[in-house]
Amino acid sequence: AGLFAAAETASGAAMTGALADKMAGMTPLAKGAEISYKRLGKGPITATATLSEETPAIIGRLESDGKAEFEANVEMTDEAGTLVATMTVLWHVSKRA
């Protein structure tokens, strides 16, 4: 549960950072997530998230269609840099009416 929570938080931070200028006028929803555990982590875990596409493409769909879906891909590593898990979060964002 801890790795899942860390990954979902990292994905939300990546989404919020990319769309910060639009956050006040939109509603974000983590629509789904899939996690893959690779090995037992030792010590502190670092979760790093990247979006599946460039921010301008996401904003373009949000502006033209009123909504957009995209993935945030997360890698979790332990203190030795060993990959312990990966997670993909499907984000749905829509303009507020």
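Helices (H or I, at least four residues) and strands (E, at least two) are DSSP runs, numbered from the N terminus.

A word on the source. This is a predicted model, in which local features need pLDDT of at least 70 and side-chain atom pairs count only at pLDDT 80 or more, while totals for chains, interfaces and linings use all residues. Residues are numbered from 1 along each chain as its sequence is written, and side-chain values use heavy atoms, with hydrogens and water left out.

Now the overall picture. The protein has two helices and four strands, and along the sequence they follow the pattern α-β-β-α-β-β. Taken along the principal axes, the C-alpha atoms fill a box of roughly 45 × 20 × 20 Å. Of the 97 residues, 24% are buried. Buried here means under 20% relative accessible area, exposed means over 50%, and partly exposed is in between, with a 1.4 Å probe and protein chains only.

The protein exposes about 5600 Å², and carbon and sulfur atoms supply 53% of that. Those areas come from the Shrake-Rupley method with a 1.4 Å probe; for residues, only the protein chains shown count as cover.

On charge, there are 9 positive and 12 negative ones, and their mean positions are 4 Å apart. Lys and Arg count as positive and Asp and Glu as negative, while His and the chain ends are not counted. The place of a charge is NZ of Lys, CZ of Arg, CG of Asp or CD of Glu.

Next, contacts, meaning heavy atoms within 4.5 Å. Among contacts between residues at least 6 apart in sequence, 69% join residues at least 24 apart.

In what order do the four strands lie in the open sheet? The order is 1-4-3-2, and the pairing is antiparallel. Strand 1 (26-37) and strand 2 (46-51) are the edge strands, each pairing on one side only. Two strands pair if DSSP finds at least two bridges between them. Neighbouring strands of this sheet are turned by 25° against each other on average, direction ignored.

Going through the pairs, strand 1 is joined to strand 4 (residues 83-95) by 11 bridges. In that pairing, Gly32 has Leu90 of strand 4 as its bridge partner. Strand 3 and strand 4 run antiparallel and are also joined, by 11 bridges; here Val74 stands opposite Met87 in strand 4. The hairpin of strand 3 and strand 4 has five residues between the strands, and Gly81 takes a positive phi near 85° there. Six bridges join strand 2 to strand 3, where Thr46 stands opposite Thr77 of strand 3.

In a regular strand the side chains alternate between the two faces of the sheet. Strand 3 has a covered face of Ala68, Phe70, Ala72, Val74 and Met76. Its uncovered face holds Lys67, Glu69, Glu71, Asn73, Glu75 and Thr77.

What lies across the strands? Helix 2 (residues 55-65) lies across strand 1, strand 2, strand 3 (67-77) and strand 4, and runs at about 155° to strand 3. Axes are lines fitted to C-alpha atoms, for helices over the stretch in contact, and angles run from 0 to 180 degrees between N-to-C directions.

Now helix 1 (residues 2-18), which contains Ser11. Is Ser11 buried or exposed? Ser11 counts as buried because its relative accessibility is 0%. Not counting residues up to four places away in sequence, Ser11 touches Ala49, Ala72, Val74, Val89 and Trp91. Two of those names, Ala72 and Val74, belong to the covered face of strand 3.

Glu8 also lies in helix 1, but its relative accessibility is 34%, so Glu8 counts as partly exposed. Leaving aside neighbours within four places in sequence, Glu8 is in contact with Ala30 and Met87. Glu8 and Ala30 are 22 residues apart in sequence and 8.4 Å apart in space, C-alpha to C-alpha.

Thr16 is another residue of helix 1, and at 34% relative accessibility Thr16 counts as partly exposed. From Thr16 to Pro28 there are 12 residues in sequence and 8.9 Å in space, C-alpha to C-alpha.

Back to Ile35. At 22% relative accessibility, Ile35 counts as partly exposed. Beyond its neighbours within four places in sequence, Ile35 is in contact with Leu3, Phe4, Met76, Thr86 and Met87.
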